[in-house]
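Visitor: I have a sequence and a model to look over. Can you walk me through it?

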Amino acid sequence: MRRAFPKTLAAAGLMAVAVLLAGIAWAANDSARKSRVPMPNIPKALKEAEPGHAERLRNDHRQLLVHKRDQTMRRGIRTTDDSLKECVACHAVPGPDKLPVSAQSPEHFCRVCHDYAAVSIDCFSCHASRPPKDVANANKGGGGGGKR
Ligand code: HEC
Ligand code: HEC
Ligand code: HEC
């Protein structure tokens with residue numbers, strides 16, 4: 001029994017994360033109930049991601065983004081993997097005008113959970129929160145975009 005203890009602790013940690021995420025999904029679902037959308041309100045990505053992406057990012061995107069930033073800024077490594085530009089491009093959410101909404105909008109992918117969890121991030125004061133072109137071109141990459 002004694003040897004099982006650290007495993008129990010790890011399991012408790014995982015449970016805590018699961019409970020947090022369930023809470024978010026529940027809240028999204030709750031607000032979705034009032035609209036016509038039947039499912040949790042986290043907007044769908046525009047393209048497929050590699051297997052395990054959603055689980056990995058759901059649990060770890062903070063660490064991942066910060067790690068990536070350190071690689072780029074301190075070590076000059078620039079790849080498109082896990083780049084913030086890629087995130088906002090594939091996770092772009094079209095607004096009423098069909099153009100991607102910026103982080104000013106509560107519909108923005110990154111805000112749906114954050115607003116609920118009362119997380120606020122300053123990343124988009126420097127980084128663009130939407131792809132430079134329209135949603136149809138969102139995954140063609142390319143720079144530019146400017147603020148928000
Ligand atoms: C090429 C497309 C693509 C890119 C690039 C991408 N994602 Fe995703 N992401 C997806 C897909 C597909 C899902 C599964 C849910 C869905 O279909 O919307 C997902 C799910 C997620 C989830 C879980 C959402 C939920 O429903 O619980 C998070 C968080 C997330 N992505 C964050 C990120 C971040 C941060 C980045 C940049 C490092 C990123 N993603 C880059 C396609 C992408
Ligand atoms: C004060 C402005 C500023 C703020 C705020 C800021 N960044 Fe950055 N970030 C930069 C600059 C400048 C670079 C370097 C761009 C380059 O050299 O390619 C960078 C690079 C990055 C990169 C590597 C390039 C990429 O997209 O792959 C990531 C990831 C990143 N930042 C994430 C974040 C996250 C997450 C936050 C919020 C927690 C954040 N940044 C807040 C200015 C900022
Ligand atoms: C599935 C829900 C969900 C989505 C979607 C999501 N986040 Fe988060 N994010 C969270 C939660 C919950 C936290 C707080 C817990 C943590 O740090 O993991 C958080 C924390 C963060 C933090 C750390 C904030 C701090 O003060 O430490 C950053 C940076 C961040 N998210 C960036 C993003 C970006 C950029 C996107 C969009 C590409 C995004 N998140 C999308 C749920 C989400």
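Visitor: Which helix gives the most to the shell around ligand 1, and with how many residues?

Guide: This is a predicted model. Helix 2 and helix 3 each supply at least two residues of the shell around ligand 1. The top contributor is helix 2, with 5 residues.

Visitor: Which residues come nearest to ligand 1?

Guide: The shell around ligand 1 divides into 7 nonpolar, 3 polar and 6 charged residues. It counts 16 residues in total. Those that come nearest are A45, A49, L57, C87 and C90.

Visitor: What is the make-up by class of the shell around ligand 2?

Guide: There are 15 residues around ligand 2. Among them, R69, T72, S83, C123 and C126 come nearest. By class, the shell has 6 nonpolar, 4 polar and 5 charged residues.

Visitor: Where does the largest share of the shell around ligand 2 come from?

Guide: R69, T72, S83, C123 and C126 are the residues nearest to ligand 2. Two elements give two or more residues to this shell: helix 3 (84–90) and helix 2 (53–75). The largest share is 5 residues, and its source is helix 2.

Visitor: How far apart are the end C-alpha atoms of helix 2?

Guide: Helix 2 has 23 residues. At 1.5 Å a residue, a straight helix would reach 33 Å. Helix 2 falls short of that, with its end C-alpha atoms only 25 Å apart.

Visitor: Where does helix 2 bend?

Guide: The end-to-end distance of helix 2 is short of the straight-helix value. The helix also has a bend of about 85°. That bend is at D60.

Visitor: Is R130 buried or exposed?

Guide: R130 is found in the segment after helix 4 (109–117). The cut-off for buried is 20 or more C-beta neighbours within 10 Å. R130 has 26 inside 10 Å, so R130 counts as buried.

Visitor: How far apart in space are R130 and H91?

Guide: R130 touches V88, A92, P100, V101 and S102, leaving aside residues up to four places away in sequence. R130 and H91 are 39 residues apart in sequence. C-alpha to C-alpha, the distance in space is 8.7 Å.

Key: Residues numbered from 1 in each chain as written. Chains lettered and ligands numbered in written order. Predicted model: local features only at pLDDT ≥ 70, side-chain atom pairs only at ≥ 80, totals over all residues. Helix = DSSP H or I, 4+ residues; strand = E, 2+ residues; numbered from the N terminus. Buried ≥ 20, exposed ≤ 12 C-beta atoms within 10 Å, placed from the backbone. Contact = placed C-beta atoms within 7 Å. Near = placed C-beta within 6 Å. Nonpolar A, V, L, I, M, F, W, Y, C, P; charged D, E, K, R; others polar. Expected span 1.5 Å × (residues − 1). Bend = angle between axes of the 7 residues up to and from the residue.
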